[in-house]
Each structure stands twice: as structure tokens, then as C-alpha cells.
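Dear colleague,

I am handing over the structure below, and I would be grateful if you could read these notes with it open beside you.

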Amino acid sequence: MNLNATLIAQLVVFFILAWFTMKFVWPPIVKALDERANKIADGLAAADKAKADLALAEKKVVEELRKARESAGDVRTSAEKQASQLIDEARAEASRIIAAAREAAEHEAGAATQRAKEALRDQVAHLAVAGAEKILRREIDAKVHAKLLANLKQELQ
Amino acid sequence: MATEGHAPTASEYVIHHLTHLNNTGHAQENIIDWSVINIDSMFYSIVIGALTVFLLWLAARKATSGVPGRFQGIVEILVDMVADQAKGIVHSAESRRFVAPLALTVFVWIFLMNAMDLLPVDLLPRIWEGMYAAGGGDPAHAYMRVVATADLSAALGMSTGVLLLCLYYNIKIKGVGGWVHELFTAPFGSHPLLYPINFAMQIIEFVAKTVSHGMRLFGNMYAGELIFILIALLGSTATVFGFLGHVIAGSIWAIFHILIITLQAFIFMMLTLVYVGQAHESH
């Protein structure tokens with residue numbers, strides 16, 4: 001329990017050790033601790049961001065799906081509309097063609113009838129003239145009786 | 001002192017164990033003698049100090065911000081603990097750059113020096129006696145104390161170091177004028193009549209801090225060492241009672257002493273931080 005020069009020596013050792021620790025021990029350890037803290041903070045932030053991104057992406061996917069479904073519906077509706085329009089048009093065209101054909105046929109038939117009537121009328125006139133010739137046994141002057149024949153033809157109509 | 005040929009008496013044994021190995025070769029005669037230096041205290045504190053900074057350096061060298069190993073982990077826990085305490089007590093980042101590493105060193109160094117108490121009390125002294133006798137000396141004069149912190153000079157040396165730090169930071173933070181002003185006006189106030197009282201109080205405060213700081217460590221470790229010596233004496237009676245007493249009391253005291261050596265190292269470190277922190281505060 002005495003005081004001696006050990007006190008001074010110990011004091012010097014004390015500061016040398018402290019200096020060594022300050023110079024070579026403390027900074028690398030504190031640096032490593034701080035770096036690790038930063039790394040962990042960054043990792044946690046990245047994880048949070050990834051989670052948020054994932055949620056956002058999921059939302060987007062749902063939205064896109066909904067849009068796709070909607071547009072598919074639109075396409076189908078318009079296609080159906082177009083198809084029915086095409087069918088309507090075709091139907092209209094067909095009925096128009098049929099009507100025209102019928103009309104043409106009717107017209108053709110009317111003309112033929114008329115022609116047949118005309119021919120028949122001529123033949124009847126000739127027959128009548130020939131008949132009359134035979135009945136009268138005499139030649140009839142065509143020029144004199146043309147007027148008479150025309151009147152007869154008129155009456156036959 | 002025991003002479004060759006007969007076993008030492010109990011009192012000789014205790015005195016032998018409490019005598020330092022110094023440069024004079026015999027026990028110091030005066031209470032204060034600056035020409036004497038304790039070789040054993042210096043040897044153990046320097047060796048343990050070197051071991052302390054070597055271990056810490058070993059951890060620092062491989063320090064990585066990746067996954068730490070166990071050794072790095074325990075050093076990191078210590079560093080973190082000291083850094084947290086320092087941050088709470090010393091409110092100057094610049095001062096902390098030196099004070100926090102100092103506190104860490106002090107804690108580990110004192111802890112290891114204290115831990116020398118847990119070695120069997122006769123182990124190293126007996127080896128030293130053998131070496132001393134082999135060298136032709138009288139083993140009765142082969143003194144050796146292994147616990148450097150149980151040396152008053154060593155403990156007060158460290159607390160004086162803390163005192164110097166306090167004075168340094170007082171001047172650095174407050175300036176010479178500011179500090180002198182504080183010495184005369186605190187704690188009682190600025191009045192010419194109060195100057196001497198204030199100054200006396202300040203001096204007493206500094207002396208009391210330093211002496212109690214060193215004495216607390218010294219007293220605890222000295223008492224602990226003495227109890228180990230007494231327990232060893234109990235065992236040296238070589239009776240069944242002595243043997244059982246030695247085993248039981250020795251175990252209990254050693255286990256309890258683990259708490260004391262840690263606690264004293266922690267207290268010394270905390271008080272270092274507190275005193276340096278006080279040097280930063282103006283009254």
C-alpha cells in the first residue's frame with residue numbers, strides 16, 4: 001500500500017493503450033458497425049419497396065385483365081353487329097335481285113303474249129280473207145278492199 | 001521474513017504475498033518513494049495491456065460489415081456498449097473520438113487485470129519463487145503480486161490519467177480564462193468573498209474524484225486478493241476442514257469475484273466517462 005513511480009509508469013501505459021485503441025481498433029469496428037447498420041436499413045427499405053412494387057404490379061395486372069376483357073367484349077359486339085349488317089344487306093340484295101328477275105320475266109312473258117296475239121290476228125285476217133275469197137268464188141281486189149280489210153282487222157282486235 | 005528451512009507462518013505468508021517485486025529487492029519502506037517502481041505491477045499491466053489491444057486489434061483487423069464471427073461479435077457488443085454510454089455522457093463528438101476508445105481500453109484492460117485474481121493465488125508467485133531460487137536467490141525474497149489493479153500506485157496512476165484528461169478538456173472546452181473563472185465562481189456563485197471557498201471546493205472536488213476513482217478499484221481488488229490469500233491459508237492447514245473450507249469458500253468467493261472484477265472495470269470506465277463529461281459542462 002505504497003505510492004511510488006509505478007503511478008507515473010502506469011499513467012503513461014494508460015495513455016499509450018488508449019492511443020493505440022483510438023488509432024487502430026475503434027475506427028474499423030465502428031465503421032463496420034455503421035456499414036452493417038446501413039446495409040440492414042437499405043435491405044429493409046428494398047424489401048419494403050419490393051413489396052410495394054409487387055402490390056402495384058398486381059393491381060396493374062388486374063386492371064389490364066379488366067381492360068382486355070372489356071375490349072374483347074367490344075370487339076365481339078361490333079363483329080356481331082357487322083355480321084348481322086352483312087346478312088341484312090345480303091338479304092336485301094337478294095330480294096332486290098329476285099324482284100328484278102321476276103319483273104323481267106313478267107315483262108318478257110307479256111311481250112311474247114302480245115306477239116302471239118299479233119301473229120294470231122294476222123293469220124285470222126288472212127284466213128278470213130281466204131275464206132271470203134272461197135265463199136265469193138271471185139277474186140277480190142286487194143287494193144279496193146284494203147280499207148275494208150283494215151276495218152275488219154280493227155274490229156278483230 | 002521466512003528463512004530457508006521452515007515453512008512460513010500465516011502472517012509471513014500473507015505479508016510475502018502482499019509485497020511487491022520492485023527495483024530495490026525488498027519491501028518499500030516509506031509510504032511515498034518515487035525512486036521505487038513495482039516491477040511485477042508494470043510487467044503484468046503492460047503484458048495484459050498489450051494483450052488487450054492485441055485482441056481488440058485482432059477483431060478490428062478482420063472487422064467486416066458482413067456477417068460477424070463470434071469473436072468479432074463480442075468485441076462489437078463491447079464497442080457498442082461503450083459507444084452508447086459515451087454518447088449519453090460526453091456531449092461532444094470530437095472528444096468522443098478519443099474518450100470512447102479510451103473507455104473501451106480501460107474497461108477491457110482493467111477487466112483482464114482484475115481477472116488475474118481468479119488464478120490460484122500461489123500459482124504465478126510459486127513459479128517465480130522457483131525461477132528465483134534456480135537463479136541462486138532466496139525464494140523468501142521472491143516477491144510477486146499478479147493483480148496490477150490491487151497496486152495502489154497503478155490504480156491511482158490510471159485515475160490520475162483521467163484527472164489529466166479532465167484538466168485538458170476543461171481548458172480545451174472553456175479556455176483558460178473560462179476555466180479559471182469557473183474555478184473561482186462555481187459552485188457557490190460570483191462574489192469576491194466566495195472566491196476562496198469556491199476555489200477550495202473545486203480543488204477538493206478534483207482531488208476527491210481522482211483519489212476515490214483509483215482507491216475504489218484498488219480497495220476492491222486488494223480486499224479480494226486478501227480474501228483469496230486467507231482462503232488459501234485455510235487450505236494450507238491440510239486438515240479435512242481446511243480442505244473443504246478451501247474448496248467451498250474458494251469456489252464461492254471466486255464466483256462472486258467474477259461479478260466484482262466486471263463491476264469494478266465497468267465502474268472505472270463509467271466514472272472515466274462521467275468525469276470527462278463533467279469537464280465539458282459549464283456551471
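Which helices of chain B are included in what covers the buried residues of H1(B)? The cover includes helix H5 (123-134) and helix H7 (195-235) of chain B, where a helix is a DSSP run of H or I of at least four residues, a strand is a DSSP run of E of at least two, and both are numbered from the N terminus. The buried residues of H1(B) are B:Glu12, B:Tyr13, B:Val14, B:His16 and B:His17; buried stands for under 20% relative accessible area, exposed for over 50% and partly exposed for what lies in between, with a 1.4 Å probe and protein chains only.

Before going further, please note that this is a predicted model, in which local features need pLDDT of at least 70 and side-chain atom pairs count only at pLDDT 80 or more, while totals for chains, interfaces and linings use all residues. Residues are numbered from 1 along each chain as its sequence is written, chains are lettered from A and ligands numbered from 1 in the order in which they are written, and side-chain values use heavy atoms, with hydrogens and water left out.

Chain B as a whole

Chain B contains eight helices and one strand, and along the sequence these follow the pattern α-β-α-α-α-α-α-α-α. Its C-alpha atoms fill a box of roughly 70 × 60 × 35 Å along the principal axes, and 46% of its 283 residues count as buried. Among the contacts between residues at least 6 apart in sequence, 70% join residues at least 24 apart, a contact being heavy atoms within 4.5 Å. The accessible surface of chain B is about 13,600 Å², with 72% of that belonging to carbon and sulfur atoms; the areas come from the Shrake-Rupley method with a 1.4 Å probe, and for residues only the protein chains shown count as cover.

Annotated spans

UniProt, in an unreviewed entry, lists residues 42-60, 98-116, 152-171, 226-248 and 254-276 of chain B under "transmembrane region"; the positions are given in the numbering used here, feature names are shortened, and annotations may be inferred rather than shown by experiment. In the model, residues 42-60 of chain B are 100% helix and 0% strand, with end C-alpha atoms 26 Å apart, and residues 98-116 of chain B are 95% helix and 0% strand, with end C-alpha atoms 27 Å apart. For chain A, the UniProt record (unreviewed entry) gives residues 6-26 under "transmembrane region", and this span is 100% helix and 0% strand, its end C-alpha atoms lying 28 Å apart.

Individual residues

A:Trp26 is found in helix H1 (residues 6-136) of chain A and counts as buried at 11% relative accessibility. Leaving aside neighbours within four places in sequence, A:Trp26 is in contact with A:Thr21 and, in chain B, with B:Val79, B:Val82, B:Ala83, B:Ala100, B:Pro101 and B:Leu104. B:Pro68 sits in the loop between helix H2 (39-61) and helix H3 (70-89) of chain B, and at 30% relative accessibility B:Pro68 counts as partly exposed.

Two histidines of chain B may also interest you. B:His20, in the loop between helix H1 (10-17) and strand E1 (32-33) of chain B, is buried with a relative accessible area of 11%, and its side chain makes a polar contact of 3.1 Å with the side chain of B:Arg145. Here a polar contact is a pair of N or O atoms within 3.5 Å; within protein, one must be able to donate a hydrogen and the other to accept it, and residues adjacent in sequence count only if both atoms are side-chain atoms. B:His280, in helix H8 (residues 240-280) of chain B, is buried with a relative accessible area of 14%. The side chain of B:His280 makes a polar contact with the side chain of B:Ser95 (2.6 Å), and a polar atom of the B:His280 side chain lies 2.7 Å from the backbone oxygen of B:Val276.

With kind regards
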